[in-house]
Amino acid sequence: MGDLDKTFRAIDVGDGGDGRWAAHTRPLWSLAEGWMTEEGRTPEGAERARKLFETHMPELVPVLDRLVRQLDRPDAEAFLTLATLRPFFSGCTQIGGAGTLLRNYDFDPDECEGVIVRSDFLRPVIGMQDAAWGLLDGMNDAGLAVSLTFGGRLVHGPGFAVLIVLRYLLETCDTVDEAVGRLRSIPISLPQNVTLVDRERAVTVYVGPDIELTEAPDACAANHQHLPVPDEQERFSRTGRRLAAVRAAGADVAAMLEPPLHQTAYDEGLGTLYTAHYRPGEGRVTYHWPGESWEQSFDAFAPGERTIRLGRRG
C-alpha cells in the first residue's frame, strides 16, 4: 500500500535528426529490448520486419533510417519497425465527436513511457509516445486526431503494433476518411479499436489480425469488439460498463475523471494514467488528472515535466 506517483514529461524532438530524440530514447533502450520477440532478433526476422515496413509505410522509411542512425544500438531497426514486439494488453475508454477526441488511458504505470512528444518527422504531430516513436494517441496539423484501445480478444498474428500505425496515420493523412482507407490494408498484430476524429467526422473502427476492418456503431470504444462480452472478461475489465457510461456521458471530461470511467486498479494494469482531450482543429490537447491539467498546442508547446499523484497502489 502507498501513494502512487507518475512523472510525465513533454519534449520536442524536431525531425529526429539533431540528437534530442536519441538523448531521450537511449536511456530506455534496455527496457525496449525486452519488448522484442526472439524471432525479431534474428537476421531473418529483422529482414521480414524491414520489408513489411517498406511495403506498408514507405513514406516513413527515411524517418526510420534517420532514427536508427541516431539511436546506434543493436537491433534498433528491427525494434523501430514495431513489427517485432511481444503482445501487450491495456484498458482504456474513448469517445469522439466532430472536432473532439476524449480518452482515458489505463495501463501499468511502470510500463508507460509517459512522454508527450511534439515532432516534425514528416509534419507537425503532438501525441503521447510509447515504444520510442509509436503513439497511444495524438493529433496532426491538418486537424486529425487518433486514439487506441485494446480490442479485448487474446489473439496475435503477424503485423505491426498499433502504436506505429497511429504514428503513420498522423504523419500521412489529413482526414478520417483518408486514415480509415489506409487502415484497411495495414496488418495489425493484435485486436485494437481505433477512434479517429477530424473537423467534420468521428468514427471508431475495429481492426485485428483475424478480422477485416469493421466500423463500430458509434465513435466510442472500451475493450471489446464483439458482443456479447464473456462474463469473465466483463468482471475483470468492466468494458461493457465503461462503454455504457461513456455513451451516456458523452465527451465530458468530468465524467472521465470519476468511476466507472476513471479506474484505480493499478496493480492489475488497469488504472487510469491520464485523460487526454484533443481539439485537433484548434491544434490543442489538454491532459487531465483529478485536480490537475496540462495543456499543449502547436502554437505554444512547452517542454517540461509534471509529477502526478495517481492514487494508491495496492
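**Exercise 1.** How are helix 3 and helix 4 oriented to each other: oblique or roughly parallel?

*Solution.* The model is predicted. Two packed helices are described by the angle between their axes and the distance between the axes. Step 1: for helix 3 and helix 4, the axes lie 9 Å apart and the packing angle is about 140 degrees. Step 2: angles over 145 degrees would count as roughly antiparallel, and those from 65 to 115 degrees as roughly perpendicular. Step 3: helix 3 and helix 4 are therefore oblique to each other.

**Exercise 2.** Determine which residues form the contact of helix 3 with helix 4, and classify them.

*Solution.* Step 1: helix 3 contributes Arg50, Phe53 and Glu54, which meet Val61, Leu64 and Asp65 of helix 4. Step 2: by class, the residues of this contact comprise 3 nonpolar, no polar and 3 charged.

**Exercise 3.** Describe the buried side of helix 3 and what covers it.

*Solution.* Step 1: helix 3 comprises the 14 residues 43-56 and spans 20 Å from its first C-alpha to its last, close to the 20 Å expected. Step 2: Gly45, Ala49, Arg50 and Phe53 of helix 3 are buried. They cover an arc of only 135 degrees around the axis, which means that they lie on the same side of helix 3. Step 3: the face turned away from this buried side carries Pro43 and Thr55, which are exposed. Step 4: the cover over the buried residues of helix 3 includes helix 4 (61-71), helix 5 (76-80) and helix 6 (162-172).

**Exercise 4.** State how many residues of helix 6 are buried.

*Solution.* Helix 6 is mostly covered, with 11 of its 11 residues buried. Among them are Arg167, Tyr168 and Glu171.

Definitions and conventions:
Residues numbered from 1 in each chain as written. Predicted model: local features only at pLDDT ≥ 70, side-chain atom pairs only at ≥ 80, totals over all residues. Heavy atoms only, no water. Helix = DSSP H or I, 4+ residues; strand = E, 2+ residues; numbered from the N terminus. Expected span 1.5 Å × (residues − 1). Buried < 20%, exposed > 50% of the residue type's maximum accessible area, 1.4 Å probe, protein only. Arc of directions from axis to C-beta. Contact = heavy atoms within 4.5 Å. Axes fitted to C-alpha atoms, helices over the stretch in contact; angles between N-to-C directions. Parallel < 35°, antiparallel > 145°, perpendicular 65-115°, else oblique. Nonpolar A, V, L, I, M, F, W, Y, C, P; charged D, E, K, R; others polar.
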